[in-house]
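Dear colleague,

I am handing over the structure we spoke about, and below it you will find my notes on what came out of going through it. Please read them with the coordinates open.

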Amino acid sequence: MSRRPLGRKEWDVRASTLAQNTHNTIRSIVENLRVEPNPQKDLIALSIGDPTTFGNLNPPDQVLAAVRESVESHASRGYAPAKGQQEARQAVAEYSAHQGEVTADDVVLASGTSHAIELAITALADPGQNILVPRPGFMIYQTLAVGLGIRIKYYSLLPDEQWKVDIDDLENQIDDDTAAIIVINPSNPCGSVYDKQHLCEIVDVASRNHVPIIADEIYEHFVFSGHKFHAISSLSEDVPVLTCSGLTKRFLVPGWRMGWVIVHDRHNIFGKDIRNGLNNLASRILGPSALVQRALPSILKYTPQSFFDEVILFIESQAKLAYEELRRAPGLRPIMPQGAMYMMIGIKMALFPSIKNEFQFVECLVKEQSVFCLPGKCFEYPNYMRIVLTVPEAYLREACQRIIIFCKEHIDYGEKRKEVANDDITVPHNIEVL
Ligand SMILES: Cc1ncc(COP(=O)(O)O)c(C=O)c1O
């Protein structure tokens with residue numbers, strides 16, 4: 001005799017709230033762009049921050065050899081501890097000595113820096129709490145937090161001050177439910193690199209308000225001449241910092257998905273709670289690829305400094321090229337970056353009356369000139385677009401020429417518009433997003 005079913009009477013399977021509320025803004029904007037490039041011109045994509053796209057930037061032999069060796073090793077085929085192999089964590093600790101005193105016990109390995117950020121956010125924040133995120137800023141924080149019911153509050157960066165943090169605004173955003181302040185340095189999308197004094201100002205705000213910092217330092221050491229990278233953890237006396245980084249950008253291997261979070265807690269404010277929490281959360285996926293973990297000590301120890309220097313030199317010369325070229329584009333205001341691999345470009349929309357907003361500007365640019373830049377919308381920052389600097393030089397040069405032509409074709413200096421030409425790059429007011 002068959003039992004009467006106790007479950008539902010009919011099929012009713014739905015995506016969970018988390019699944020429904022998880023959105024990756026950049027991916028969806030890029031994937032949903034509905035315009036076709038001009039068939040007469042090859043598409044030049046300056047949109048995606050993947051330095052491997054064009055094949056012009058490659059990791060050095062030492063990095064490839066380390067993974068080859070790992071493939072041959074029996075030990076790289078088994079499960080590793082969820083927080084990562086001891087040798088790999090030890091290697092990350094040594095590599096990260098500039099951040100302050102770090103031991104292997106302070107390191108949790110993750111599947112890319114995004115996963116490290118997820119570990120950091122979910123270790124600190126509960127649903128209903130909020131995290132403070134820079135605007136403009138990389139949007140992974142929204143993607144990770146919003147579905148979990150963790151609120152995003154923005155603090156402003158100042159475009160006219162090399163994208164420094166508006167310190168008053170940062171402090172004004174803090175409330176009883178603020179679980180962490182996110183600091184992205186060097187910044188995606190701005191390319192800013194904060195000096196010691198400014199980082200100390202940020203740390204002071206965190207200290208006064210007893211809020212921990214999550215430091216996204218994926219672009220650590222990606223710094224142009226005349227600037228210096230300081231790990232924010234190295235400047236903090238009392239504020240606990242979770243620093244997130246990884247192999248992705250500096251070693252040019254985003255697809256290998258290797259990142260880490262490092263706990264800096266000199267005054268034992270986190271106690272065991274947060275460390276245990278991070279370990280518990282790491283066990284949700286049983287740690288990142290053992291194959292890359294096993295290669296990590298060699299990668300971190302034996303990659304020659306000359307490799308890093310060459311990559312940075314290249315990106316810096318690309319930044320100069322794009323800056324000099326795009327300064328000649330009427331209606332645009334490029335902002336010279338100090339590091340990372342991006343440039344933000346202000347668009348004086350009032351001078352392009354036939355174009356509604358920066359999103360449409362970017363669409364028309366694809367349609368007419370086959371150049372794809374990322375609209376400011378991707379960073380909650382209208383009237384700007386971001387370009388990636390890692391593309392081959394000839395492509396960048398060509399893209400800049402096409403952007404200049406596009407601007408010349410669409411610019412309209414009506415009398416009234418001339419007056420607003422210098423100050424129409426408006427910055428959004430702070431809004432809170434669930
Ligand atoms: C500021 C920032 N944080 C995190 C990430 C994600 O890094 P990963 O690819 O290692 O997950 C990126 C990637 O572009 C980034 O720009």
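The UniProt record, an unreviewed entry, lists residues 41-403 as "domain: Aminotransferase class I/classII large". In this model, which is predicted, the end C-alpha atoms of that span lie 13 Å apart, and the span is 36% helix and 18% strand.

The domain assignment of the protein chain divides things in another manner, giving domain 1 as 32-57 + 306-427 and domain 2 as 61-302. The C-alpha centres of domain 1 and domain 2 are 29 Å apart, and 30 residues of domain 1 are in contact with 31 residues of domain 2. Between them the two domains bury about 2800 Å², of which 65% is on carbon and sulfur atoms. Phe 308, Gln 338 and Glu 380 supply 24% of the area that domain 1 buries against domain 2, more than any other three residues.

Phe 308 is also one of the buried residues of helix 11, whose list includes Phe 307, Val 311, Ile 312 and Ile 315 as well as Glu 316 and Glu 325. These buried residues pack against strand 10 (332-335), strand 11 (342-347), strand 14 (384-388) and helix 13 (393-410).

Helix 3 (residues 61-72) passes the corresponding check, since its 12 residues should span 16 Å at 1.5 Å a residue and its end C-alpha atoms are 17 Å apart. In helix 3, Val 63, Ala 66, Val 67 and Ser 70 are buried; they cover an arc of only 90° around the axis, and therefore lie on the same side of the helix. Helix 10 (290-302) is included in what covers these buried residues, whereas the face turned away from them carries the exposed residues Asp 61, Arg 68, Glu 69 and Glu 72.

Lys 249 counts as buried because its relative accessibility is 10%, below the 20% cut-off. Leaving aside neighbours within four places in sequence, Lys 249 is in contact with Gly 49, Ile 218, Tyr 219, Phe 222, Met 341 and Tyr 342.

Some backbone details deserve a look as well. Most residues other than glycine have a negative phi, and most peptide bonds are trans. Ala 340, although not a glycine, has a positive phi of about 60°; Ala 340 sits in the loop between strand 10 and strand 11 and, at 0% relative accessibility, counts as buried. Gln 162 likewise has a positive phi, of about 50°, but Gln 162 counts as partly exposed at 31% relative accessibility, and its place is in the loop between strand 4 (151-158) and strand 5 (164-165).

As for cis peptide bonds, the one from Arg 135 to Pro 136 has omega near 5°, with Pro 136 in the loop between strand 3 (130-135) and helix 6 (140-145). Another joins Asn 188 and Pro 189, with omega about 15°, and Pro 189 is found in the loop between strand 6 (178-184) and helix 8 (196-209).

How values were computed. Residues numbered from 1 in each chain as written. Predicted model: local features only at pLDDT ≥ 70, side-chain atom pairs only at ≥ 80, totals over all residues. Heavy atoms only, no water. Helix = DSSP H or I, 4+ residues; strand = E, 2+ residues; numbered from the N terminus. Expected span 1.5 Å × (residues − 1). Buried < 20%, exposed > 50% of the residue type's maximum accessible area, 1.4 Å probe, protein only. Arc of directions from axis to C-beta. Contact = heavy atoms within 4.5 Å. UniProt positions renumbered as here; feature names shortened; annotations may be inferred. Domains from an automatic or database assignment. Buried area = accessible area lost by both parts, 1.4 Å probe.
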